[in-house]
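Open your viewer and load the model shown here.

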Amino acid sequence: MSSHPFAEENIRRYIDEIRSVTGVAAFALVSCEGTIIGKHFPDGSITSSIFAAMSATVLASAEAVCATVGIDRPSLVTISSKGAAILIVGIDEVALITAVIDKPADLPGLERELLDIAARIREEVA
């Protein structure tokens, strides 16, 4: 059992907001422990629990690397391949948004949109 500071009525709104971002093919709102709070995987080809846990691990690893070299924790990790990308956006130590992006997409624009959504979520759960 995982606890999170999200009001159940807000989870649906967060899901709808992330889902409306053009270019996001699939995503999960994930606790820092790697459990899914909300998700949208339209084709069922992604094992969402593994995707969530591994995304939380990637963000935690990026935070450790940053701490090692004395820089602030990352707000965003981008994994890019030829045909797609994965964006992992941290929401303080509370949660993260991890999204699969189909290319061609405006990655800088998508990064800004997801960072803005994360900032609004952060304000609500603070």
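**The whole chain**

Colour by secondary structure: the chain has three helices and five strands, where helices (H or I, at least four residues) and strands (E, at least two) are DSSP runs numbered from the N terminus. Along the sequence they follow the pattern α-β-β-α-β-β-β-α. This is a predicted model, in which local features need pLDDT of at least 70 and side-chain atom pairs count only at pLDDT 80 or more, while totals for chains, interfaces and linings use all residues. Residues are numbered from 1 along each chain as its sequence is written, and side-chain values use heavy atoms, with hydrogens and water left out.

Zoom out: the C-alpha trace spans about 35 × 35 × 25 Å along its principal axes. Of the 126 residues, 40% count as buried (under 20% relative accessible area with a 1.4 Å probe, protein chains only; exposed is over 50%, partly exposed in between).

**Strand β1**

Now select residues 24-31, strand β1. Seven of its eight residues are buried, so the strand is largely enclosed by the rest of the structure.

Finish at the hairpin of β1 and β2, with four residues between the strands. In this turn, Gly34 has a positive phi of about 95°.

Note on methods
Pairing = 2+ DSSP bridges.
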